[in-house]
Amino acid sequence: MKNSTLIAIFISSIFVNNIILMRFIGLCSFFGVSNKLSSALGMSAAVFFVMNLSAVVSWLLYNFVLVPLNLEFLKIIVFILVIASLVQLVELFMKKNIPALFKALGIYLPLITTNCAILAVSFFIVDYKYNLLQTLVFSSGTAIGYTIAIILFSSIRERLELAPLPNAVKGYGIVFITAALMSLSFMGLVGLFGF
Amino acid sequence: MNNIIIYYSIATLGTTSVIIALLLSFAAKKFKVESDPRKDLLVSVLPGANCGACGYPGCEQYAEAILTKDEVLTLCKPGGPEVSKKIAQILGKEVEVSSQRMVAVVLCAGGSRTKDEFIYNGIKKCSVANKFYEGQKLCKYGCLGFGDCVEVCPFDAIHINKYGVAEVDPVKCTGCGLCVKACPKNIIKLVPCNYQIHILCSSKDKGVKVRQICSVGCISCGICVKSCPVNDIELKENLALMKYDKCNNCGICVEKCPTKCIVDVTRVIA
């Protein structure tokens with residue numbers, strides 16, 4: 001049935017259950033940032049950092065505070081608190097130390113805060129009852145899957161800028177169609193590792 | 001109901017929030033970015049067009065460079081000498097400015113009056129068409145008319161006219177130079193604004209060939225050179241060139257030119 005070894009979790013979170021193209025979670029930042037390859041790379045780095053950190057902190061808080069006190073129902077609020085504050089910290093750090101990246105991502109950092117991809121990872125960790133190592137592997141894999149999807153997509157979008165298109169699909173029309181086609185191709189991987 | 005769960009929830013959420021708040025306030029102090037109050041003053045003095053003529057992506061970045069890297073104060077061409085003086089005032093420095101305003105001029109008048117070599121169905125950008133046998137016109141020096149310069153102008157000062165050639169409005173032009181960089185044929189030039197007569201041709205082809213392919217091209221006959229009273233035109237490589245040195249806008253060359261490629265810009269716009 002479902003293989004829970006580390007390598008299976010890793011591969012499946014990148015390809016089979018790609019958070020963008022298969023689970024359709026976190027699409028707003030995906031479409032918002034992918035018009036240039038440079039900002040896509042910056043965004044995926046930020047997502048990788050925030051996702052891993054918030055997954056670990058969420059796991060710790062859930063298993064050592066919420067579960068012993070029978071407060072599992074508070075997980076939504078607590079996870080959101082953790083994610084929002086982590087993004088604020090990342091923003092402060094970037095503004096001081098990497099101002100060029102901060103200028104490029106500016107508006108998209110708050111998007112990561114409300115980005116359901118980060119929250120979804122925290123929820124999945126709770127649902128699948130992963131231990132700490134599996135959590136790390138799962139969140140890294142999901143972030144890598146996000147990176148692959150957004151890099152592929154932004155490269156395509158840069159070419160779409162110059163393509164001769166009918167006026168009806170110019171702009172976000174063709175963007176959404178392209179994303180749908182990409183998702184179709186990823187669907188061919190369903191069934192790998194029993195996922 | 002068991003009240004203890006309510007107490008536990010309040011305690012957990014309260015503690016978590018307080019810890020996070022302390023962490024954030026500590027980080028806010030540690031990662032604080034000092035911003036110079038003069039920066040806002042500078043940004044308010046600069047035109048705010050973010051045109052990039054100074055070499056920086058925007059007015060805010062130029063202000064930052066002035067404050068931190070001691071950048072030259074006269075780089076803002078759209079702002080001109082007035083803005084340079086105001087910047088110097090804010091910083092308490094002296095600045096040397098030349099009050100000569102520059103405008104751009106497209107040295108081509110062909111367009112639809114020049115014959116095409118082939119029908120071009122590619123991407124409609126001058127930079128792309130220029131890579132394909134140097135453009136679709138028989139004259140390989142002339143304006144291709146797809147408007148790369150129009151797209152890049154932040155002041156709406158350049159447009160494609162009825163002949164399919166780019167034309168600058170000298171009233172709106174601030175001399176920022178972005179169109180000069182955008183033109184793949186390099187036929188847009190920056191000249192001081194007081195010169196209103198221009199020779200609208202850049203073709204280095206021999207006169208015979210020019211006459212075959214373009215009805216308003218310079219055939220290097222030399223009549224303008226001889227008739228100029230202040231000797232401001234010279235013939236070079238089959239092309240009449242204005243030196244923009246002593247011209248007093250008398251207009252004699254405009255009347256004498258047989259192909260009518262010399263134009264008085266004021267009359268054209270008005």
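**Figure 1. Right-handed crossing of helices α2(B) and α4(B) in a predicted model**. The crossing of α2(B) and α4(B) is right-handed; a crossing has this hand if the near helix is turned clockwise from the far one by less than a right angle, and is left-handed if anticlockwise. Helices (H or I, at least four residues) and strands (E, at least two) are DSSP runs, numbered from the N terminus. Helix α2 of chain B spans residues 37–45 and helix α4 of chain B residues 80–91; their axes lie 10 Å apart and the angle is about 165 degrees. Axes are lines fitted to C-alpha atoms, for helices over the stretch in contact, and angles run from 0 to 180 degrees between N-to-C directions. The two helices, α2(B) and α4(B), are therefore roughly antiparallel (angles over 145 degrees; under 35 is roughly parallel, 65 to 115 roughly perpendicular and the rest oblique). From α2(B), Arg38(B), Leu41(B), Leu42(B) and Val45(B) meet Val83(B), Lys86(B), Ile87(B) and Ile90(B) of α4(B); residues are in contact if their C-beta atoms, placed from the backbone, lie within 7 Å. Six residues of this contact of α2(B) with α4(B) are nonpolar, none is polar and two are charged (nonpolar: Ala, Val, Leu, Ile, Met, Phe, Trp, Tyr, Cys and Pro; charged: Asp, Glu, Lys and Arg; polar: the others, Gly among them).

This is a predicted model, in which local features need pLDDT of at least 70 and side-chain atom pairs count only at pLDDT 80 or more, while totals for chains, interfaces and linings use all residues. Residues are numbered from 1 along each chain as its sequence is written, and chains are lettered from A and ligands numbered from 1 in the order in which they are written.

**Figure 2. Packing of helix α3 against helix α7 in chain A**. The axes of α3 (residues 37–66) and α7 (residues 116–128) of chain A come within 9 Å and cross at roughly 40 degrees. Helices α3(A) and α7(A) are therefore oblique to each other. Their crossing is right-handed. On the α3(A) side the contact is made by Val50(A), Met51(A), Ser54(A), Ala55(A), Ser58(A), Trp59(A) and Tyr62(A), and on the α7(A) side by Ile118(A), Val121(A), Ser122(A), Ile125(A) and Val126(A). The residues of this contact comprise nine nonpolar, three polar and no charged.

Figure 3. Gly141(A) counts as buried because it has 22 C-beta neighbours inside 10 Å (buried: 20 or more other C-beta atoms within 10 Å of a residue's own; exposed: 12 or fewer; partly exposed: in between; C-beta atoms placed from the backbone). Apart from neighbours within four places in sequence, Gly141(A) is in contact with Ile9(A), Phe10(A), Ser13(A) and Ile14(A). Chain A has nine helices and zero strands, and 34% of its 195 residues are buried.

**Figure 4. Contact between chain B and chain A**. Chain B contributes 15 residues and chain A 16. The chain B side has eleven nonpolar, four polar and no charged residues. The predictor gives the complex an ipTM of 0.72 and a pTM of 0.57. Chain B has eleven helices and eight strands.

Conventions:
Two residues are in contact if their C-beta atoms, placed from the backbone, lie within 7 Å.
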